[in-house]
Amino acid sequence: MSAISELSSMSRRKGPATAEEKRANRRDNKAAYIFLLPWLIGLVAITVGPMIMSLYLSFTDYNLLQPPEWTGLDNFTRMLGDARLHNSLRVTFTYVLVGVPLQLAVALLIALVLDKGLRGLPFYRSIFYLPSLLGGSVAVAILWKQIFGTSGLVNQVLAMFGITGPGWISDPSTSLGSIILLHVWTFGSPMIIFLAGLRQIPNMYYEAAEVDGATTLQKFWRITLPMLSPIIFFNLVLQIIGSFQSFTQAFIVSGGNGGPSDSTMFFTLYLYQKGFGQFEMGYASAMAWFLLVIIGAFTAINFIASKYWVFYDD
Amino acid sequence: MTELQTLPAPEKAPSSGGKSRGAKFRVGSPKGGGRKRESRGTLAFSRSARLKAMAKHAVLIIAGGIMIYPLLWMVVSSLRPNELIFREPGLWLNSLEMGNYTDGWSALTHPFGHYMLNSAVVVIGSILGNLISCSMAAYAFARLQFSGKKLFFGIMLLTIMLPFHVIIVPQYILFSQIGWVNTFWPLIVPKLLATDAFFVFLMVQFIRGIPTELDEAARIDGAGHPRIFLRVILPLMVPALATTTIFTFIWTWNDFFGALIYLTDPEMFTVPVALRAFVDSQSATSWGSLFAMSIVSLLPVFLVFLFGQRFLIKGIATTGIK
């Protein structure tokens, strides 16, 4: 069904090629590589080549003007002592660890309400889905900047109840929260994946549970949640990988500087400033590889933990 | 050709006006599972069930209203005099002010249409690139046997999850050495080389659902792979191509990071970087025109959403595009 399940099933299914496959090999090799040619060129020139290059650069000092100068582990030891980088990690972790579960919880909740043949489902689904299409745009980030500004929409509404709200994005204690809220706002696409998953749960399970007198809550805990767990897992992995790379919203809302007082300085934003603001390409490469390791570690932990909570029907 | 079209390709788009349209594109409802549940509900339509449904509608309407309110308010505010944006949280319009749109349109170095045209060039190039390169790769992965297939397929799946940042620095160095900074090539050429592996995967999934008997029949008739690909597979995978087109459109139209890095000359700005230049250059006095241009920039995405929604939802539900 998904790239993730495909990958994990590939690792399980290892066997010698059948005779038929071997015969086919001879027949298709040339045609196959011709069809794959654009992708192969891209893989080498746009993906793997630059990856190796950036790994090399991460051990150098490089400002685009002079040739890269080998500095060994300097970039990495520098990262250990870089307080702004530590702060950016804290900001990013908070964003991921708060934003992703919150977004998925809302997505699941609305999907549950929408399930079970409610009238007007396509209409509701469109309404909830639209923000996730627009959420990544600069335009919505601009809107957010206004809404959570000192005299923005939120505070105007609060004023009607006699409350004076803070300047949400100009106050370091609430600025990150406003951006997390923007992430939660885009819960539409995981919601659609949840809806698709809910449709796959055979109705007979619920019928059997009803015969046994199960309550709604019991049905949720004992049927819906276990049956949906592969989808929850899939969403979790994808959203975590995506959220670590979040950039546009923080960039626009903070005016490109990750402010106020670095409270929205995402790791990617700091990387951008180092690489493309100050042209410290070596340091930026080291940061990029560090990000890859973090994302890889999170994904690995996710996969290991999934053995304990993800339930596969087959 | 007509024969082929009546064959039950799994996710084939129903011809317009087909009776099964709604049911087929309901998200992941194999065998009309959703329908069944619905009818069961109406049979046992007691008082409490009705109350429950009403409560659900109430929750959904309130939640949906909160979700969509900021967007509606931005549209209304863009039609208001500037000073009201910071005073009027409601949606009521006393008069229609088009000044924000005319002001915003000409607020930057070039008229806003110039940036939209730039975006359109990048979008069209990206769509063509993705359609050609991804469908070719997908055909090889789904239909051809070749050495190293499993390895390459695994690598392809892994690249879907690879963070862009790991390759952006050397990629930038590469493209700047070729002299491609401030051209659209860095944004289009990677698509011509199938680096949006997600679409390769989407198409592989789709082609796997097309019966191989069709290929074999064509092969017996003497068709080679290019012919089978062009005449049999491509016409049958139109829904997957449509999904790819729509997602590529939206993602490329919204793409900020790539444009921010590669396009520094205002002449070459795409819409997202133009908007960013706008928001940076203006003081708080011109939110109206900023909103107006934001809406102009969202309009194409909204239209694609209106007309391509079923492909979008199908695409997400089957592959989990973000």
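In helix 11 of chain B, the residues B:Leu214, B:Asp215, B:Ala218 and B:Arg219 meet B:Arg227, B:Ile228, B:Arg231 and B:Val232 of helix 12 of chain B. Here a contact means that the C-beta atoms of two residues, placed from the backbone, lie within 7 Å. By residue type, this meeting of helix 11 of chain B with helix 12 of chain B divides into four nonpolar, no polar and four charged. Ala, Val, Leu, Ile, Met, Phe, Trp, Tyr, Cys and Pro count as nonpolar, Asp, Glu, Lys and Arg as charged, and the others, Gly among them, as polar.

Before going on, a word about what you are looking at. This is a predicted model, in which local features need pLDDT of at least 70 and side-chain atom pairs count only at pLDDT 80 or more, while totals for chains, interfaces and linings use all residues. Residues are numbered from 1 along each chain as its sequence is written, and chains are lettered from A and ligands numbered from 1 in the order in which they are written.

Back to our pair of helices. Two packed helices are described by the angle between their axes and the distance between the axes. For helix 11 (residues 212-220) and helix 12 (residues 225-236) of chain B, the axes come within 10 Å and cross at roughly 130°. Helix 11 of chain B is therefore oblique to helix 12 of chain B. Axes are lines fitted to C-alpha atoms, for helices over the stretch in contact, and angles run from 0 to 180 degrees between N-to-C directions. Angles under 35 degrees count as roughly parallel, over 145 as roughly antiparallel, 65 to 115 as roughly perpendicular and the rest as oblique.

Now take in chain B as a whole. Its secondary structure comes to 16 helices and zero strands, where helices (H or I, at least four residues) and strands (E, at least two) are DSSP runs numbered from the N terminus. Of the 322 residues in chain B, 43% are buried. A residue is buried if 20 or more other C-beta atoms lie within 10 Å of its own, exposed if 12 or fewer, and partly exposed in between. Helix 15 (residues 271-281) of chain B is largely enclosed by the rest of the structure, because eight of its eleven residues are buried; among them are B:Leu275, B:Arg276 and B:Phe278.

Where do the two chains touch? The contact takes 80 residues from chain B and 82 residues from chain A. On the side of chain B that touches chain A, helix 16 (residues 287-319) of chain B gives the most, with twelve residues. That side of chain B divides into 51 nonpolar, 21 polar and eight charged residues.

Chain A has 14 helices and two strands, and 42% of its 314 residues are buried. Within chain A, helix 5 (residues 121-134) and helix 9 (residues 188-200) pack at an angle of about 130°, with their axes 7 Å apart. Residues of helix 5 of chain A, including A:Phe128 and A:Pro131, meet residues of helix 9 of chain A, including A:Gly188 and A:Ile192.

A last stop is A:Trp185, which lies in helix 8 (residues 175-185) of chain A. Not counting residues up to four places away in sequence, A:Trp185 touches A:Pro131, A:Gly135 and B:Met67.
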